[in-house]
Amino acid sequence: VVVEDQPDVSAVLSAYNQQGDPTLYEEYYSGLKHFIECSLDCHRAELSQLFYPLFVHMYLELVYNQHESEAKSFFERFHGDQECYYQDDLRVLSSLTKKEHMKGNETMLDFRTSKFVLRISRDSYQLLKRHLQEKQNNQIWNIVQEHLYIDIFDGMPRSKQQIDAMVGSLAGEAKREANKAKVFFGLLKEPEFDVPLDDEDEEGENEEGKPKKKKPKKDSVGSKSKKQDPNAPPQNRIPLPELKDSDKLDKVMNMKEAARRVRLGPECLPSICFYTFLNAYQGLTAVDITDDSSMIVGGFADSTVRVWSVTPKKLRSVKTAADLSLIDKESDDVLERIMDEKTASELKILYGHSGPVYGTSFSPDRNYLLSCSEDGTVRLWSLQTFTCLVGYKGHNYPVWDTQFSPYGYYFVSGGHDRVARLWATDHYQPLRIFAGHLADVTCTRFHPNSNYIATGSADRTIRLWDVLNGNCVRIFTGHKGPIHSLAFSPNGRFLATGATDGRVLLWDIGHGLMVGELKGHTDTVYALRFSRDGEILASGSMDNTVRLWDAVKAFEDLETDDFTTATGHINLPENSQDLLLGTYMTKSTPVVHLHFTRRNLLLAAGAYSSQ
């Protein structure tokens, strides 16, 4: 069955026709359960992965063939044995008690159409196969062959800890093949131009320019003799917009700022400045801060988008066309003259959406702002006129997140329709559609080199997509709840992800491996950010805390030998407390956004909740 299209429901479900004797299902299952629990420790952990997918498929088979009472007793007898992280799925399952229910249930169809992936060592697999064939237990063997994909590896079986770290998604683990493709995770070479050398650029202080989130070295001249990063994609692999003069000016600004950047580390933690939205009875649902930290935007449940200036500089609109025609275009301060002082204010409210605004993103050059909403659209606003320029309609359902590429021009959106879309500001149709997640795409992020996009989903997996051809090049499993935050490390090599399970997981993109697990938060992690040079990872959560983690230590001396990559035997350090550098409580403000300024001051934002 082709998963890409809406699968033909009857064809999918008819696979359940070849059924055994319904009264024996409980016996089959408990027989297998007994066999697995009595097997050697080294195999038991691996074979226990079978419990959940077999339980679901046997239950569905009973329901499909209208043995409702047997299905009910099967569910009641065995659902308590399943791992705690499948609770939500089991809740959905328990409501499917009749054949008719199965027709319209999407989660169900996915479970039916995509094979559940288990990673098992050859020894354990042989053991299982022998047992099922001796027992003549064809019913279970049929399900294993029909609905499960067993990814067999040679070598030692994995331990319970190793398996627990990686499982928990809707469709099991990722096949090892899925993470084999080459990924160009290096950074693109910076364009070269000279920085005027001056002692202290005074007026540079209040009017921070804004470049594309890049890390300049501490040299006073911008021409970097950096060789091309061997892991970087070719410069022209995807077309990127040309640098405008204003962008170059911005880059110069950024280099000056970077020269004054604080080097962070375990001994030198950043100061944290918290922006609390007080009386946000409109319901704060999204926040973004410009790269130069001059503006902050909030998306609200009352469908408004509000932009504030965080510096003394007020927000102003461009003058009307009639007034603009009177301006001498040759004058030096033409950019200043076109602004209308009468419109200056600290806050601008943008009206246009007809549902809560779930995602906002400033363009790198601060000229545009994106917002996405429950109304199914993504809107592009001008920050020169504070009006809506375009409404992009592609998603038919709520759009949960959107983000500009670090080079501008491109942006990505993801929503309830389970796909992410890549857009360019001047096309009203998406350029790429990334399909493959089995549930809502809840968050989207561009890789720093703009050649890849990461998406997190309610199916509890993270996928990395290639912008060039739309292929999925990485699938990361291990979270036990929907993913709500993603952050790439500044060097492009690592990805940090946060979810409703309160864990922050760290991934090595090149090898396609999980390399760390940060435990500490007690609720959904909504915000993740690396400091400008990648020394510290900050995480913000619904548990009203900001936590700082030692990223250098987390990523140093990783075991990424061929064996680990081949089998997925990851050895996570038992104690992530060694990596925790600090925990900062707010009184009653869940943290929804984090941002490091160019000098490594950490800005956090959230709405005070008075319960």
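In the hairpin of strand 22 and strand 23, five residues lie between the strands, and Gly492 there adopts a positive phi near 80 degrees. The structure is a predicted model, in which local features require pLDDT of at least 70 and side-chain atom pairs count only at pLDDT 80 or more, while totals for chains, interfaces and linings use all residues. Residues are numbered from 1 along each chain as its sequence is written, and side-chain values rest on heavy atoms, with hydrogens and water left out. Strand 22 (residues 483-488) and strand 23 (residues 494-499) pair in the antiparallel sense over five bridges; pairing requires that DSSP finds at least two bridges between two strands. Across this pairing, Phe488 stands opposite Leu495 in strand 23. Five of the six residues of strand 22 are buried, where buried denotes under 20% relative accessible area, exposed over 50%, and partly exposed the range in between (1.4 Å probe, protein chains only).

The protein chain contains 16 helices and 31 strands, defined as DSSP runs numbered from the N terminus (helices H or I, at least four residues; strands E, at least two). Of its 611 residues, 56% count as buried. Among contacts (heavy atoms within 4.5 Å) with a separation of 6 or more, 63% are between residues 24 or more positions apart. The accessible surface of the protein chain amounts to about 26,600 Å², with 50% belonging to carbon and sulfur atoms; areas were computed by the Shrake-Rupley method with a 1.4 Å probe, and for residues only the protein chains shown count as cover.

The largest nonpolar core comprises 45 residues, and Leu50, Leu54, Phe55, Met58, Phe74 and Leu93 have the most contacts inside it. Helix 4 (residues 51-64) gives the most to this core, with 11 residues. Such a core is a set of buried Ala, Val, Leu, Ile, Met, Phe, Trp, Tyr and Cys residues joined through side-chain atoms within 4.5 Å. When neighbours within four places in sequence are left aside, the contacts of Phe55 are Tyr29, Phe74, Phe75, Phe78, His79, Gln82, Leu90 and Leu93. Another core, of 20 residues, lies apart from the largest one and includes Met166, Cys443, Tyr452 and Phe488.

Salt bridges, taken as a side-chain nitrogen of Lys or Arg within 4 Å of a carboxyl oxygen of Asp or Glu, number 32 by this rule. Glu173 and Arg158 form one of them, at 2.5 Å from N to O. Glu173 lies in the loop between helix 11 (160-166) and helix 12 (245-259) and Arg158 in the loop between strand 2 (148-153) and helix 11, so the pair ties together parts 15 residues apart in sequence. Both Glu173 and Arg158 are buried. In a further salt bridge, the closest N and O atoms of Glu257 and Arg599 are 3.0 Å apart. This pair links distant parts of the chain, with Glu257 in helix 12 and Arg599 in the loop between strand 30 (593-596) and strand 31 (602-607), 342 residues apart. Glu257 is buried, at 8% relative accessible area, whereas Arg599 is partly exposed, at 27%. Asp501 and Arg503 also form a salt bridge, with closest N and O atoms 3.1 Å apart. Salt bridges that share partners join Asp501, Arg503, Glu517 and Lys519 into one network.
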